Amino acid sequence: MASFLLVILSFLKIIIIVAVVATVAGIIRTWQIQNDANQKVFLAGSVPDPKPEGLYSGTVPGKKVSWLGKKFNPTDSTGLNIFDDGNGIKGERYPFKTYIGKGLHDKNLDVLKIDYNLPGNPFWLKLILDEIVQVGPDQYLGKLNLRIIPGYSFGLMYFNLKK
């Protein structure tokens, strides 16, 4: 019995250490995002008006990714992500809903939220909340946020959308 308790306590110690390291890494990354040059551009942006409609090409500054962009349907405030599934084949997956609200880290800024917390999406994706602002005609700057616990999130990266 004592050895079983030692195994459980060791396991709990590992979980706590991993949680602390992940939290510190998330806080550091959020600080980096909030102090990135894109933050000034994001704060100068505005709620998309009109809301995005149709396909927008997406890029992640400094990264090569299989994500190609997003397709928006403003009529029902929904959309899908577009990916390169290989050999030039485009795949649509990871539906989202959109709504306007205050920024998670930018409380004075209204943003268009892209929320993946929908039935059918993988558990890990439901923790993601993107926020976009309009920075030019048919051009948007977005932030990808990871919601860990209610009321707190980590900022992870910026992305661009363009018609």
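# Strands, barrel and salt bridges in a predicted model

Reader: In this predicted model, how many of the 6 residues of strand 5 are buried?

Author: Strand 5 covers residues 110-115 and is largely enclosed by the rest of the structure.

Reader: What is the order of the strands in the closed barrel, and what does the twist average from one strand to the next?

Author: The barrel is closed and consists of 8 strands with antiparallel pairing, in the order 1-2-3-4-5-6-7-8. From one strand to the next, the twist averages 35°.

Reader: How many bridges join strand 1 to strand 8, and which residue of strand 8 does Ser57 stand opposite?

Author: Strand 1, residues 54-59, and strand 8 run antiparallel and are joined by 3 bridges. Across this pairing, the residue of strand 8 that stands opposite Ser57 is Lys162.

Reader: Over how many bridges do strand 7 and strand 8 pair, and which residue in their hairpin takes a positive phi?

Author: Strand 7 and strand 8 pair in the antiparallel sense over 10 bridges, and one of the facing pairs sets Leu144 against its bridge partner in strand 8, Met157. Their hairpin has 2 residues between the strands, and the residue with a positive phi, near 90°, is Gly151.

Reader: Which strands does helix 2 lie across, and at about what angle does helix 2 run to strand 7?

Author: Helix 2 is formed by residues 37-44 and lies across strand 5, strand 6, strand 7 (139-149) and strand 8 (152-162).

Reader: Which residue forms a salt bridge with Arg147, and are the two residues buried or exposed?

Author: The closest N and O atoms of this salt bridge, one side of which is Arg147 and the other Asp115, are 3.0 Å apart. Arg147 lies in strand 7 and Asp115 in strand 5, so the pair ties together parts that are 32 residues apart in sequence. Asp115 is the partner asked for, and both Arg147 and Asp115 are buried.

Reader: Which residue meets Glu92 in a salt bridge, and what is the relative accessibility of Glu92?

Author: A search of the whole structure finds 7 salt bridges, and in one of them the side chains of Glu92 and Lys71 meet at 2.5 Å, N to O. This pair links distant parts of the chain, with Glu92 in strand 4 and Lys71 in strand 2, 21 residues apart. Lys71, at 31% relative accessibility, counts as partly exposed. Lys71 is thus the partner of Glu92, and Glu92 also counts as partly exposed, its relative accessibility being 45%.

Reader: Which residues make the nonpolar surface patch, and what is its area?

Author: The patch is made by Phe4, Leu5, Leu6, Ile8, Leu9, Phe11, Leu12 and Ile15, and of these residues Phe11 has its place in helix 1, residues 2-34. The area of this nonpolar surface patch is about 780 Å².

Terms used: Residues numbered from 1 in each chain as written. Predicted model: local features only at pLDDT ≥ 70, side-chain atom pairs only at ≥ 80, totals over all residues. Heavy atoms only, no water. Buried < 20%, exposed > 50% of the residue type's maximum accessible area, 1.4 Å probe, protein only. Helix = DSSP H or I, 4+ residues; strand = E, 2+ residues; numbered from the N terminus. Pairing = 2+ DSSP bridges. Axes fitted to C-alpha atoms, helices over the stretch in contact; angles between N-to-C directions. Contact = heavy atoms within 4.5 Å. Salt bridge = Lys/Arg side-chain N within 4 Å of Asp/Glu carboxyl O. Patch = residues over 30% accessible without salt bridge, like charges linked within 9 Å, V, L, I, M, F, W, Y side chains within 5 Å. Areas by Shrake-Rupley, 256 points an atom, 1.4 Å probe, with all protein chains shown as cover.
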